[in-house]
Amino acid sequence: MNRAIRRVAVIGSGVMGSRIAAHFAGIGVQVLLLDIVPNELNDAEKAKSLTLENKQVRNRIVNDALQAMLKSKPSAVYTKDVAGRIQTGNIEDDLPRIADCDWVVEVVVERLDIKQKIFERIEQHRKPGSLITSNTSGIPIRMMAEGRSEDFQQHFCGTHFFNPPRYLRLLEIIPAPNTKPEVISFLMDYGSRFLGKTTVLCKDTPAFIANRVGVFGFMAVFKAMQQLGLNIDDVDTLTGTVMGRPKSATFRTGDVVGLDTLVHVAKALPQHVPNDEMKELFNLPPFIEKMIENKWFGDKTGQGFYKKNKAPFPKSPEEQGDEKKVDIGKSEILTLNLDTMEYGPKQKSKFATLETAKPIEDLTTRLKALYGGQDKAGEFYRLFHHMLFAYAGNRIPEIADELYKIDDALKAGFGWEIGAFESWDALGVEKVLEHMKAGNIKPAPWIEEMVAKGNKTFYKTEGGKKKYYDSRTQSYEVIPGTDTFIVLENLDDKPVWSNSVCKLVDIGDDVVALQWSTKMNSIGGEVLAAVQKSVAIAEEKYKGLVIANSGANFSAGANVGLIFMFAAEQEYDELDMAIRQFQNTTMRLRYSSIPVVVAPHGLTLGGGCEMCLHADGVQAAAESYIGLVELGVGLIPGGGGTKEMAVRASDRNIKEDIEVNYLQQLFINVGTAKVSTSAHEAFDNFILRKGTDSISMNQDRRIADAKRKVIAMYEMGYTQPAMRNDIKVQGRGGMGGLLSGLHAMRLGNYISDYDKFLAEKLAYVLCGGDLSLATTVSEQYLLDLERETFLSLCGQKKTLERLQSILQTGKPLRN
């Protein structure tokens with residue numbers, strides 16, 4: 001049957017329920033969010049003489065939860081208007097409203113008896129054929145629907161979202177014994193296509209896949225830490241981004257997730273998996289037991305492994321005496337000492353292995369350096385990985401028949417850049433097996449059999465397709481479902497063209513894609529040359545071009561180091577050539593004879609944003625953070641970005657006074673280096689264009705979606721546009737309004753003198769320079785103005801200071 005999801009009910013509005021509701025609303029679905037009725041009045045309600053029968057009181061829990069979600073950081077929503085698609089109510093009064101819903105998601109407390117009672121009530125009101133799912137993190141799915149009708153059981157399963165649902169991409173789908181196969185197929189596709197999830201089909205085993213292996217990972221870290229005499233600061237230094245894990249590493253992640261949540265899973269597992277060979281490792285260390293006793297759960301209780309300590313109000317000079325003065329309101333992050341169970345200042349951890357590995361850009365190469373370290377850090381990495389590899393290997397086929405599911409779950413559920421089996425491949429399967437045996441850690445028998453048969457890796461790529469080793473067939477199989485994705489790395493072996501940092505690959509149907517690999521995917525001369533070369537090749541032989549990148553980000557912008565070097569050495573001719581090359585490249589994207597679509601994701605800043613602004617179309621991942629940030633480093637957008645903002649202001653077919661207001665908003669966005677917090681917000685910030693640009697909820701689908709956009713443009717008869725000579729700029733009239741606003745901001749001390757100076761330069765270009773009246777100009781006129789202004793700023797001392805600060809600290813200097 002053709003199933004459409006127009007309206008979803010979420011039962012339970014806690015941290016998970018409210019954020020699941022927000023995620024559905026974020027993709028345009030109408031949501032009904034319900035929770036229980038309070039059993040007593042709070043002080044504010046008593047003061048208003050309200051009763052438990054007042055609707056305001058009866059919906060207090062759900063409405064407070066919704067407001068807390070909307071205020072949460074990082075934002076749980078793509079845009080604030082999401083709240084308009086969420087209706088609230090309570091289970092007592094409003095449960096009959098689920099009859100209008102296509103999908104009901106249960107997110108109540110993790111108790112089987114309570115869930116069963118909720119399902120009994122849901123069955124009284126749901127419409128036949130509607131989907132019913134539970135967000136349980138570990139209660140057996142098979143037990144929840146016992147006693148329910150045949151239709152209920154056929155449309156019931158587990159859908160385990162991870163917190164926060166917007167950012168963690170995993171959705172575990174767990175069938176119940178009587179779930180219809182077509183229901184599972186629908187949810188696997190819907191979760192991937194519309195919710196943007198990595199959907200992983202799980203067996204109904206304790207903690208499913210991600211929590212089973214992921215929580216083991218936490219416990220393995222605890223064991224390695226204790227065995228090697230490391231502290232919390234040491235471990236979080238070792239287990240963060242350097243090894244392809246989130247910045248929050250181990251203990252900060254524990255504080256965010258909540259120690260009580262981790263302990264709930266860890267305590268339950270030994271009871272439910274008596275044959276687990278590592279069940280003893282799930283026994284909680286004494287320090288965890290003490291933290292639970294003290295209710296030090298992390299962020300939700302104000303302290304956990306870390307504690308934010310706000311400095312005391314300063315004493316008077318007489319009271320202070322010789323004491324060190326303290327800044328009002330300045331806070332300090334303290335770390336828990338696991339020996340004394342007292343908090344103290346964070347310690348700077350240093351390891352020779354880290355100093356060697358950190359400069360290595362490629363993660364797989366960096367992992368080898370970490371694993372091979374000869375100090376205590378190297379010991380930690382070997383011990384941790386050996387335990388992880390042994391445990392993950394022995395979970396096949398208990399929790400999953402296919403190894404890629406474990407890797408997918410760890411990456412999407414815990415934010416790992418590289419899965420367990422992928423890490424093992426990177427380190428060398430045979431080499432690690434030898435080390436494991438030497439350390440008395442026994443690998444799974446099927447892995448030894450795999451190697452004995454001459455299969456040396458868990459994954460390999462053939463014919464542009466990624467395959468995994470299937471222990472059942474003892475052969476390599478294509479990962480199911482990946483035919484809907486285009487993975488550029490899988491096509492690296494046969495590039496159409498390449499240079500030292502860029503590759504142009506054929507992605508099928510007469511479309512090519514360009515990718516590059518530099519630090520933060522920054523844009524330098526080789527990348528710009530590659531873009532122009534790729535356009536030329538596509539014009540000659542193909543229907544169109546997609547520009548996309550792998551890794552965490554599309555591009556952090558232009559190569560700041562190169563700009564700083566030229567500016568510091570006053571090589572203005574070189575700088576002028578570099579800016580011209582950038583402008584010529586973005587204009588080449590705009591005025592080619594083939595459609596060009598850019599597919600950004602993650603950070604898309606500065607020059608990366610300028611490429612998007614000049615493409616025929618943009619196919620952005622929902623989690624794209626796009627903006628023109630050049631003023632933060634003392635410059636203006638110089639790759640056509642400032643020009644393009646003037647063009648977009650001109651293209652508003654509205655009255656002049658409104659046109660100036662629109663120009664003012666663009667000016668504020670660029671002048672404050674505003675970055676859109678999602679692709680959805682990029683439309684509101686006038687970076688993406690309605691009707692032209694699109695969003696891929698699933699980042700893995702964006703390149704395939706971009707390819708389809710290229711083909712659609714080609715088949716509609718794409719023709720090369722003509723350069724513009726009809727751009728209306730506002731001259732001094734428009735500039736006056738912008739400058740008066742700047743003056744007010746400086747008087748209010750919202751900006752520095754240099755910020756004001758930079759914004760005046762930006763206003764000068766946006767308004768077309770020193771023109772007495774609103775005038776029509778050409779794109780080339782604006783590009784020349786943009787380039788001249790950019791060059792003039794490169795000679796400013798304070799701009800050089802800002803550029804140097806970015807290079808040294810990664811943060812702009814406010815001067």
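Ala, Val, Leu, Ile, Met, Phe, Trp, Tyr, Cys and Pro count as nonpolar, Asp, Glu, Lys and Arg as charged, and the others, Gly among them, as polar. The legends below describe close-up views of a predicted model.

**View 1. The second largest cavity has a lining of 10 nonpolar residues.** About 50 Å³ of space lies in this cavity. Its lining consists of Val-215, Phe-218, Met-219, Phe-222, Leu-259, Leu-262, Val-263, Ala-266, Leu-284 and Ile-288. Helices α10 (210–228) and α13 (259–272) each contribute at least two of the lining residues.

View 2. A search of the whole structure gives 3 cavities of 30 Å³ or more. Around the largest cavity stand Ile-626, Gly-627, Leu-628, Met-645, Leu-666, Asn-669, Val-670, Lys-674, Ser-676, Asn-685 and Ile-687. At least two lining residues come from each of β22 (624–627) and α28 (656–671), and α28 provides the largest share, 3 residues. By class, the lining of the largest cavity comprises 6 nonpolar, 4 polar and 1 charged residues.

**View 3. An open sheet of 7 strands shows mixed pairing.** The strands follow the order β15-β16-β17-β18-β19-β21-β23. The edges are formed by β15 (497–498) and β23 (694–696); each has a single partner strand, so one side of each is left without a neighbour in the sheet.

**View 4. Strand β21 (residues 617–621) pairs with β23 in the parallel sense.** The pairing of β21 with β23 extends over 3 bridges. Gln-619 lies opposite Ser-694 of β23.

**View 5. Helices α31 (residues 731–747) and α32 (residues 753–766) have axes that come within 10 Å.** The two axes cross at roughly 170°. Angles over 145 degrees count as roughly antiparallel, and α31 and α32 are therefore roughly antiparallel to each other. On the α31 side, the contact involves Met-735, Leu-738, Leu-739, Leu-742, His-743 and Arg-746; on the α32 side, it involves Asp-753, Lys-756, Ala-759, Glu-760, Ala-763 and Tyr-764. The residues of the contact of α31 with α32 fall into 7 nonpolar, 1 polar and 4 charged.

Definitions and conventions
Residues are numbered from 1 along each chain as its sequence is written. This is a predicted model: local features need pLDDT of at least 70, side-chain atom pairs count only at pLDDT 80 or more; totals for chains, interfaces and linings use all residues. Side-chain values use heavy atoms; hydrogens and water are left out. Axes are lines fitted to C-alpha atoms, for helices over the stretch in contact, and angles run from 0 to 180 degrees between N-to-C directions. Helices (H or I, at least four residues) and strands (E, at least two) are DSSP runs, numbered from the N terminus. Angles under 35 degrees count as roughly parallel, over 145 as roughly antiparallel, 65 to 115 as roughly perpendicular and the rest as oblique. Contact means heavy atoms within 4.5 Å. Two strands pair if DSSP finds at least two bridges between them. On a 1 Å grid over the protein atoms alone, a cavity is a set of points where a 1.4 Å probe fits but cannot get out, and a pocket is an open set with protein on both sides within 12 Å along at least five of seven lines; lining residues have an atom within 4 Å of a point. Grid points are joined across faces, edges and corners, and a volume is the space filled by probe spheres set on the points.
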